[in-house]
Amino acid sequence: MKALKMTKNALDRLLLVSSLIILVVMVLVILYQVFARQILGTAPAWSEELSRLLFVWVSFFGIAYGFKEKLHIGVGLVVNMFPEKVQDIFDYLAKVLVIGFGIVLMYYGWQFTILTSSSTMPAIGWPSSVLYACMPITGVFVTLNGIELLFRKGMHQELDDVSEE
């Protein structure tokens with residue numbers, strides 16, 4: 001069990017570090033694009049395409065990280081009206097849906113990645129599958145985080161009421 005936790009922590013760290021690196025590179029590419037457009041008078045075509053690709057990747061990785069940290073919003077207005085046992089059932093069903101979403105991302109993301117492997121992105125010349133490969137990778141992380149959520153109470157962070165003084 002300890003090895004499993006260490007592996008999961010290493011994967012979580014990999015996700016976070018990858019997301020941060022992608023975000024930094026995206027910001028640098030966009031800064032270069034703005035500089036080139038404003039100062040040099042023309043921006044390279046690859047900068048827009050690369051920044052879009054990086055934005056997609058960091059967005060998908062953010063989905064997975066959001067499930068890990070219980071950051072996704074949840075509207076419990078109706079669910080909170082039910083008894084606690086029923087709320088627990090809804091909580092469990094939501095976690096199963098998260099795992100199902102991860103599996104769908106893995107399966108169809110992989111299918112889509114394979115489907116787009118023969119086309120290329122026009123400005124940077126990379127296979128289009130590079131853009132869509134984030135889907136199955138995110139699916140793995142979402143599935144793992146969903147399984148981890150099964151063993152933790154709640155689906156969302158509990159916010160304490162802050163009283164104004």
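**Close-ups of a predicted helical model**

Ser-129 is buried, at 13% relative accessible area. This is a predicted model, and the legends below walk through it one close-up at a time.

**View A. Ser-129 and the residues around it.** Ser-129 belongs to helix 4, which covers residues 129-132. Leaving aside residues up to four places away in sequence, Ser-129 touches Thr-113, Thr-116 and Ser-117. With a relative accessible area of 13%, Ser-129 falls under the 20% limit and therefore counts as buried.

**View B. Helix 1 from end to end.** Helix 1 takes in residues 2-40, 39 residues in total. From first C-alpha to last it reaches 55 Å, close to the 57 Å you'd expect at 1.5 Å a residue. Just past the end of helix 1 comes Gly-41, with a positive phi of about 90 degrees.

**View C. The buried residues of helix 1.** Look along helix 1 for Lys-8, Asp-12, Leu-15, Ser-19, Ile-22, Met-26, Val-29, Gln-33 and Ala-36, which are buried. So what do the buried residues of helix 1 pack against? Their partners are helix 2 (45-68) and helix 5 (134-150).

**View D. A nonpolar patch on the surface.** Here Leu-16, Leu-20, Leu-23, Val-24, Val-27, Leu-28 and Leu-31 come together as a nonpolar surface patch. Together they have about 600 Å² of accessible area. One of them, Val-27, has its place in helix 1. Val-27 counts as partly exposed because its relative accessibility is 40%, between the 20% and 50% limits.

**View E. Inside the largest nonpolar core.** This core has 22 residues, and the ones touching the most other members are Ile-22, Leu-53, Leu-54, Trp-57 and Val-142. Helix 1, helix 2, helix 3 (84-115) and helix 5 are the elements giving two or more residues to this core. Which helix gives the most? That's helix 2, with eight residues. Zoom in on Leu-53 and you'll find Met-121, Trp-126, Val-130 and Leu-131 in contact with it, again not counting residues up to four places away in sequence.

View F. Side chains of opposite charge can pair when their charged atoms come close. Glu-148 and Lys-8 form a salt bridge, at 3.2 Å from N to O. The two sit in distant parts of the chain, 140 residues apart, with Glu-148 in helix 5 and Lys-8 in helix 1.

View G. The model's salt bridges come to seven. Lys-8, Asp-12, Lys-68, Glu-69, Glu-148 and Arg-152 are linked in a network of them. Glu-148 also pairs with Arg-152, their closest N and O atoms lying 4.0 Å apart; Arg-152 is partly exposed, with 29% relative accessible area. Lys-68 is buried, with a relative accessible area of 16%, whereas Glu-69 counts as partly exposed at 26% relative accessibility. Two network members, Lys-8 and Asp-12, are also on the list of buried residues in helix 1.

Conventions:
Residues numbered from 1 in each chain as written. Predicted model: local features only at pLDDT ≥ 70, side-chain atom pairs only at ≥ 80, totals over all residues. Heavy atoms only, no water. Helix = DSSP H or I, 4+ residues; strand = E, 2+ residues; numbered from the N terminus. Expected span 1.5 Å × (residues − 1). Buried < 20%, exposed > 50% of the residue type's maximum accessible area, 1.4 Å probe, protein only. Contact = heavy atoms within 4.5 Å. Patch = residues over 30% accessible without salt bridge, like charges linked within 9 Å, V, L, I, M, F, W, Y side chains within 5 Å. Areas by Shrake-Rupley, 256 points an atom, 1.4 Å probe, with all protein chains shown as cover. Salt bridge = Lys/Arg side-chain N within 4 Å of Asp/Glu carboxyl O. Core = buried A, V, L, I, M, F, W, Y, C linked by side-chain atoms within 4.5 Å.
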